[in-house]
Every structure is written in structure tokens, then in C-alpha cells.
Amino acid sequence: MYDAQEIIDAAKRIENEIYETPLFENSELNAIIGGRVFLKPECLQRTGSFKIRGAYNFMSQLSRIEAENGVVAFSSGNHAQGVAMAGQILKIKTTIVIPQDAPESKIANTKKLGGNVVLYDRYKECREKIAKKIAKDTGAILVPSYDHKDIIIGQGTVGLEIIQQIRNHSNSLDQVLICCGGGGLSAGSSIAIKDALPETEIFLVEPKFFNDTKKSFEAGKRVANTPNKQSICDALLADIPGELTFSINNKLATNVLMVSDDEVKDAMRFAFQFLKMVVEPGGSVALAAVLSQKIDFENKVSVVVLSGGNVDMSLYDEIQRDGGSSI
């Protein structure tokens, strides 16, 4: 298990290159659930998601020789943008392997930030193999999207900020809800949160048909997702939990919650109507768990992480226009 001091050190390392996103509550949401819910909008972060935290923490510690060879990463889009921006800041060449069906906005933004984009078919090709071949051929350093100590520690600065900020609003914190794909954000944040507040419960949230972490918790070992399932939550479609991230999440998290795509759409509409924020599907799953009341929120103090806001406008417009809500 990593030390919370390492997250404090990472926060100092990255502080000049990221935003400290706010923590706020919404009266409409509080009224619905009968408790206090504070929102942590990483959709307002540079590149539109929390991923810049881990990417910069990793890449800023490369040696001069390693940096000169460049880096390669694989990503559905948010990690891609984080790596590309970190590369732009640090003047490191970046190559990103992205699924061809990733939101066009994520692909375009990665290119705009200077990333060399390599597209692949997520249903027929293995992104890890493609990235490892590029690394072997070019000498580039592979920047994992979640299963590496420096990535986990960097993402953990979200949890550190939550602890620092909640003290300005409440004397207690009952529970924190965090999205879970590969598990880097939840693992790192859990380390910071549980170190400061051991009694606070951590709930991970996954898309209904990409519940590899839930199945892994139940089995007591890493279990892969069922093949050929689909979800609008493109940022959370990891095949299997990371080895490092699962070991941390399995120890520190209370449970894993699941939400449907329809519940995610409701959350995205709520965020637009009442928070005045654009939140992507994967970034909305924790809010969806609150609105659908997957656990008890009454008379409790909760924090929900909105992990990203990178969504194609065509999909976003379709979801907003549909307007069907179960809230």
C-alpha cells in the first residue's frame, strides 16, 4: 500500500500545471436525497478530466534520456489528452493509441495538443500490444492509463483535495462515490481519504455491463468483463481491473455500485439543468448512483466526483433532447 505522504508530494509536483477544482453542493440534489451531497467537478480540469494529474505526475519524473525518447500511451480519450498536454508542457513527444470509435472530440483534442494519434479497432485489436510494439520500435516509455504507482498517486490528489475542501463545509464525511474504469482514480483517492478519515466509506461506480470491478470484488480476484457488451460510458470500458488498482480498491472500498445507461443519461440531464455543467457519460456514473439512490444518502454527508466532461456534441445533444427522466 502506498503512503498518503506520496500523494501530498505529488500535489506539490503538479500544482502549477493543474486546477484545484471546487467542491460545492446543490440544493436541488440535496432535496432529492434528503442529505448533503458535495460535488467535485473534474470536468472543469485541464483537458476536461482528472487524467492530467496522473499523466503529469508520471511524465515529470522521467529522466532526460527517457524524455528524449518520447512516450506512448493507450486510451479511450481522456488519458490521451492528459498525456498529450503533459507532453506539451514538458516538451516530450507523445504517441497515443485510441479506439477508432472514441468520441471525435477526444481524438481531435488529443491531436490539437500535439499527440500523434494511432487508431485501432477495440473489438478486433489489442491496444496494449499495439502500444508495446511502438515502445519497442521507438524506445518510447509506456505511460499506463491507471496501473502504475505514479499514475495512481497523481490521481490520488483528487482525494487529497476532497479532504482539504470538505473541512470548510462539514465536520463529517460519511461516504465518497467515485467512478471506476481501470481503478486509478478510485485507488489513489481512497488512499488519501482513508488515511485522513478512516471511517469514511468509499463506493466505486461502474456501468451495468462493464462491472468487472464488482465481479472481481465478489470473486476475490480480478475478473474480466463479458465480451461484446456496449455502453455510452466510453471512459470506463476497461476489460479488467488493474493489478495494483484492484489490490488497493479491494482493501479500501466498501462496495461497487452499478448504473444503467439510462440512469447515466438522467444524470447528464440533471447536471446540465441544475448544475449548468457538461458532464460526459463516464463522468456521470457517480451522480447517477446518487439520483437513483443505489445506497442510503438520507441525513448523510456525501461527496460525488464528476470525473470528466469530454463528450461529442452530437451524443450530448441527443441525450438532452430526449429528455426522458426517471428522476
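## Lys40 and its polar partners

In this predicted model, a polar atom of the Lys40 side chain lies 2.6 Å from the backbone oxygen of Thr21. The Lys40 side chain also makes a polar contact with the side chain of Gln165, at 3.0 Å.

Where does Lys40 sit? Its place is in strand β2, which covers residues 36-41. Is Lys40 buried or exposed? Lys40 has a relative accessible area of 0%. The cut-off for buried is under 20%, so Lys40 counts as buried.

## Around Lys40

Leave aside the neighbours within four places in sequence. Lys40 is then in contact with Thr21, Pro22, Leu23, Val158, Glu161, Ile162, Gln165, Val304, Val305 and Leu306. Phe272 is 232 residues away from Lys40 along the chain, and the C-alpha atoms of the two are separated by 15 Å.

Glu161 lies in helix α9. Glu161 has a relative accessible area of 7%. That value is under the 20% cut-off, so Glu161 is buried as well.

Which residues does Glu161 touch, beyond its neighbours within four places in sequence? They are Ile18, Tyr19, Glu20, Thr21, Lys40 and Arg53.

## Two domains

Domain 1 takes in 4-50 and 148-322, and domain 2 takes in 52-142. Their C-alpha centres lie 23 Å apart.

How many residues meet at the interface? In domain 1, 30 residues are in contact with 24 residues of domain 2. The area buried between the domains is about 2,300 Å², and carbon and sulfur atoms give 51% of this area. Three residues, Arg13, Thr47 and Asp234, supply 24% of the area that domain 1 buries against domain 2, more than any other three residues.

## Links across the interface

Four salt bridges are found across the interface of domain 1 and domain 2. Asp234 forms a salt bridge with Lys106, and their closest N and O atoms are 2.6 Å apart.

Which elements give two or more residues to the side of domain 1 that touches domain 2? They are α1 (4-14), α8 (149-155) and α9 (157-166). Helix α8 gives the most, with five residues. By class, this side of domain 1 has eleven nonpolar, ten polar and nine charged residues.

Definitions and conventions
Residues numbered from 1 in each chain as written. Predicted model: local features only at pLDDT ≥ 70, side-chain atom pairs only at ≥ 80, totals over all residues. Heavy atoms only, no water. Domains from an automatic or database assignment. Contact = heavy atoms within 4.5 Å. Buried area = accessible area lost by both parts, 1.4 Å probe. Salt bridge = Lys/Arg side-chain N within 4 Å of Asp/Glu carboxyl O. Helix = DSSP H or I, 4+ residues; strand = E, 2+ residues; numbered from the N terminus. Nonpolar A, V, L, I, M, F, W, Y, C, P; charged D, E, K, R; others polar. Buried < 20%, exposed > 50% of the residue type's maximum accessible area, 1.4 Å probe, protein only. Polar contact = N/O pair within 3.5 Å; in protein donor to acceptor, adjacent residues only side chain to side chain.
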